Amino acid sequence: MLLPYKAKDDKIAMGLLSYIERFHEMDDLRDEMALIKSGQRHLSLWRDETTGNVIGLIGYDLKDDDRIIIVRYLALNPSFRGEGVSYDIVSALTEEYPDATLSGTLELSDFLNKWALHEQRTMPNILDSDSNGETHDDSE
């Protein structure tokens, strides 16, 4: 279940962000938390419905009156990797903003491509289509 970040979630958010290499340095982590707290970056937490624990998060920016979502990063507790939870997080985010176009950083492009194929959605910002309407996954 996707939950909006609240100030009381600081320690959980910082712990999950620390799984991301660019936030290994405390100064970088503090800078990111400042962006989140100022509202310049959006953060949603993922709660596992079985355990009730927060096990992941997604950081994103909203542009053009919430019509464009730019995913900046995704972090997941290593114990839950390989179970499709990352796909569930992105799917929940798109359900929250059904009219928005999803995009992401270059670092996340392969993942978002695979997610789009997994969801069997046509996403022009992520997938290439040829003149026959067939999609191609260039990540292989």
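In which loop is the place of Asp66? Asp66 sits in the loop between β3 and β4. The close-up views below come from a predicted model.

View 1. Asp64 has a relative accessible area of 46%. That value falls between the 20% and 50% limits, so Asp64 counts as partly exposed. Asp66 is partly exposed as well, with a relative accessible area of 39%.

**View 2. Tyr97 meets Asp66 across the chain.** Tyr97 is placed in the loop between α3 and β5. Tyr97 and Asp66 are 31 residues apart along the chain. Their C-alpha atoms are separated by 7.6 Å. Beyond residues up to four places away in sequence, Tyr97 touches Tyr60, Leu62, Asp66 and Ile69. The relative accessibility of Tyr97 is 17%. The limit for buried is under 20%, so Tyr97 counts as buried.

View 3. How many aromatic pairs does a search of the whole structure find? The search finds three. One of them is Phe23 with Tyr73, in an edge-to-face arrangement. The ring centres are 5.4 Å apart, with 80° between the planes. Phe23 and Tyr73 are both buried. Tyr60 and Tyr97 form another edge-to-face pair, at 6.2 Å centre to centre and 70° between the planes. Tyr60 is buried, as is Tyr97.

**View 4. Arg81 lies over the face of Tyr19.** The distance from Arg81 to the ring centre of Tyr19 is 5.5 Å.

**View 5. Asp48 is buried and has no salt bridge.** Asp48 lies in the loop between β2 (42-47) and β3 (54-63). Which side chain of opposite charge is nearest to Asp48? It is Arg47, 9.3 Å away. A salt bridge needs a side-chain nitrogen of Lys or Arg within 4 Å of a carboxyl oxygen, so Arg47 at 9.3 Å does not qualify as a partner. Asp48 does touch Asn53, Ile55 and Phe80, leaving aside residues up to four places away in sequence.

**View 6. Lys8 and Asp9 form a salt bridge between sequence neighbours.** The closest N and O atoms of Lys8 and Asp9 are 3.3 Å apart. Asp9 counts as buried, at 8% relative accessibility.

**View 7. Lys37 and Asp10 bridge two helices.** Their salt bridge has its closest N and O atoms 2.9 Å apart. Lys37 lies in helix α2 and Asp10 in helix α1, so the pair ties together parts that are 27 residues apart in sequence. Lys37 is exposed, with a relative accessible area of 53%. Asp10 is buried, with a relative accessible area of 18%.

**View 8. Asp61 and Arg41 form a buried salt bridge.** The closest N and O atoms of this pair are 2.7 Å apart. Asp61 lies in strand β3 and Arg41 in the loop between α2 and β2. The pair links distant parts of the chain, 20 residues apart. Both Asp61 and Arg41 are buried. Which residues are linked in a network of salt bridges? The network links Glu32, Arg41, Asp61 and Arg72. The structure holds seven salt bridges, among them the Asp61–Arg41 pair.

Notes: Residues numbered from 1 in each chain as written. Heavy atoms only, no water. Helix = DSSP H or I, 4+ residues; strand = E, 2+ residues; numbered from the N terminus. Buried < 20%, exposed > 50% of the residue type's maximum accessible area, 1.4 Å probe, protein only. Lys, Arg positive; Asp, Glu negative; His and termini not counted. Contact = heavy atoms within 4.5 Å. Phe/Tyr/Trp six-rings, centres within 6.5 Å; stacked < 30°, edge-to-face > 60°. Lys NZ or Arg CZ within 6 Å of the ring centre and 35° of its normal.
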